[in-house]
Amino acid sequence: MSNEQNTALKSPSQRTGAPAPVCKSEEKSRQDADEWKATFDSITDLVSLQDSNFRFLKVNKAFADAFGMRPEDIIGMTCYKLVHATEHPPHDCPHRETLCSGKPQRAEFFEPHLGVYLEVSTSPVFAENGDVAGSVHIAKDITWRKQAEQKQAKLLTDVESINRELKDFAYIVSHDLKAPLRGIKSLVEWISADYADKLDENGREQMKMLQNRVERMYNLIEGVLQYSRVTHDEGQRASVNLNELVPQVIDSIAPPENVSIRIANELPTIQFEPTRITQVFQNLLGNAVKYMDKPQGQVTIGCVEEDGCWKFSVCDNGPGIDEKHFERIFQMFQTLRARDQMESTGVGLTIVRKIVEMHGGKIWVESKLGEGSTFYFTIPIQKEEPKDEKT
């Protein structure tokens with residue numbers, strides 16, 4: 001073959017001596033590899049690829065940085081020696097579990113060698129013959145979360161302990177304060193009876209005032225105890241037909257002849273603690289009757305279904321409440337009238353709010369001075385739990 005023919009068979013780059021052009025598919029593969037490596041190293045979790053002998057085949061930058069090493073220096077090392085500083089894998093190693101089961105695994109544990117809590121997940125990597133060749137191993141530092149969980153658990157334990165102490169304290173108050181109050185009350189009654197002929201009008205008035213003060217203190221203590229019981233004692237929920245319960249509450253209140261209480265529409269059957277829902281209606285209806293200032297008092301009880309809840313209303317045409325007191329009336333021991341004018345512990349509405357909120361509802365008031373008030377409260381609608389049938 002002549003030199004001219006030989007030269008004609010050569011590529012242009014061969015004829016000129018220039019480097020051969022890179023194939024576009026090879027260039028694309030190299031770009032993809034670079035992008036994959038950049039993505040792999042940008043992951044903040046500790047990611048590694050391990051073979052069936054627990055050796056590292058690949059690690060990302062975050063993994064290497066956690067041990068102050070370069071990724072290439074870790075390749076070939078065993079996981080248990082580097083991470084756990086042991087001669088054998090731990091018995092609960094998720095990588096070992098994946099190798100045995102061929103399924104993803106997850107575990108949380110404290111690693112004393114590193115001094116951190118880790119959340120580890122492993123996913124199997126299969127060989128061409130279907131055997132498990134290794135796993136993709138992802139470790140996340142969850143120390144902050146575990147510390148938060150431990151603090152939360154401690155707080156819950158402390159709260160439970162405080163609640164028990166408060167409950168015990170409430171009953172101690174009941175015993176230690178009520179007993180002397182009963183003694184004072186009896187003493188006042190004896191003095192009033194035995195020295196009635198020796199006391200003038202002013203003296204009798206003072207003794208009556210003393211008796212009222214003792215009674216008020218007794219009722220305040222009882223109010224604290226009632227609130228404590230609501231907070232700590234969980235009753236058994238049951239189906240409560242309010243068409244039967246509410247009339248019984250009205251009878252127990254025994255409203256005077258000038259106050260009428262009516263039920264505007266049919267009331268539902270709810271899943272509730274009977275004693276608690278009785279307390280709710282007793283307090284709301286009792287307040288409406290107690291504070292009625294009109295010659296012909298009217299109290300109306302209603303209920304509608306709204307947004308997955310039963311929305312109850314207790315409406316009266318009484319004195320009304322100034323808007324600035326809407327929140328105050330639900331606070332412990334707060335009353336809008338001086339106790340010398342209207343005897344009240346100021347606990348009733350606090351108990352009502354606590355009961356309603358404990359059962360997932362809310363309570364509020366809408367009112368105008370001189371025109372009456374409407375108390376609303378909601379209770380989430382719950383279906384009656386089916387009873388177990390005995391075979």
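At 48% relative accessibility, Ala85 counts as partly exposed; the classes are buried, under 20% relative accessible area, exposed, over 50%, and partly exposed in between, with a 1.4 Å probe and protein chains only. Ala85 sits in the loop between α6 (79-84) and α7 (94-101). Helices here are DSSP runs of H or I with at least four residues, strands are runs of E with at least two, and both are numbered from the N terminus. Ala85 is not a glycine, yet its phi is positive, at about 55°. The model is predicted: local features need pLDDT of at least 70, side-chain atom pairs count only at pLDDT 80 or more, and totals for chains, interfaces and linings use all residues. Residues are numbered from 1 along each chain as its sequence is written, and side-chain values use heavy atoms, with hydrogens and water left out.

Phe54 lies in the loop between β1 (46-51) and β2. Phe54 is buried, with a relative accessible area of 13%.

Strand β2 (residues 56-59) contains Leu57. Leu57 is partly exposed, with a relative accessible area of 46%. Leaving aside neighbours within four places in sequence, Leu57 is in contact with Leu49, Gln50, Asp51 and Ile75. Contact means heavy atoms within 4.5 Å. Leu57 and Thr78 are 21 residues apart in sequence, and their C-alpha atoms are 9.7 Å apart in space.

The protein chain as a whole has twelve helices and twelve strands. Of its 391 residues, 34% are buried. Among contacts between residues at least 6 apart in sequence, 58% join residues at least 24 apart.

The largest nonpolar core has 40 residues. Such a core is a set of buried Ala, Val, Leu, Ile, Met, Phe, Trp, Tyr and Cys residues joined through side-chain atoms within 4.5 Å. Leu242, Ile277, Phe281 and Phe377 have the most contacts inside the largest core. Helix α11 (residues 274-290) supplies the largest share of this core, seven residues. A second, separate core has 16 residues, including Phe67, Leu82, Val83 and Val116. Leu242 touches Pro247, Leu267, Pro268, Ile270, Ile277, Phe281 and Phe312, not counting residues up to four places away in sequence.

Phe377 is also among the contacts of Lys311. Lys311 lies in strand β10 (residues 309-316). Lys311 is buried, with a relative accessible area of 19%. With residues up to four places away in sequence left out, Lys311 touches Gly302, Cys303, Val304, Glu306, Trp364, Tyr376, Phe377 and Thr378.

Two packed helices are described by the angle between their axes and the distance between the axes. The axes of α11 and helix α12 (residues 348-358) come within 9 Å and cross at roughly 140°. Axes are lines fitted to C-alpha atoms, for helices over the stretch in contact, and angles run from 0 to 180 degrees between N-to-C directions. The crossing of α11 past α12 is left-handed. A crossing is left-handed if the near helix is turned anticlockwise from the far one by less than a right angle, and right-handed if clockwise. On the α11 side, the contact is made by Arg276, Gln279, Val280, Asn283, Leu284 and Asn287. On the α12 side, it is made by Gly348, Leu349, Ile351, Val352, Ile355 and Val356. By class, the contact of α11 with α12 has seven nonpolar, four polar and one charged residues. Ala, Val, Leu, Ile, Met, Phe, Trp, Tyr, Cys and Pro count as nonpolar, Asp, Glu, Lys and Arg as charged, and the others, Gly among them, as polar.

Helix α12 is mostly covered, with eight of its eleven residues buried. These are Gly348, Leu349, Thr350, Ile351, Val352, Arg353, Ile355 and Val356. Just after α12, Gly360 takes a positive phi of about 85°.

Helix α9 (residues 201-232) holds Ile221. At 5% relative accessibility, Ile221 counts as buried. Ile221 and Lys178 are 43 residues apart along the chain, and their C-alpha atoms are separated by 7.6 Å.

The structure holds zero disulfides. A disulfide is a pair of cysteine sulfur atoms within 2.5 Å. The sulfur of Cys100 is 9.5 Å from the closest cysteine sulfur, in Cys93, too far for a bond. Cys100 is exposed, with a relative accessible area of 66%. Cys315 is partly exposed, with a relative accessible area of 31%.
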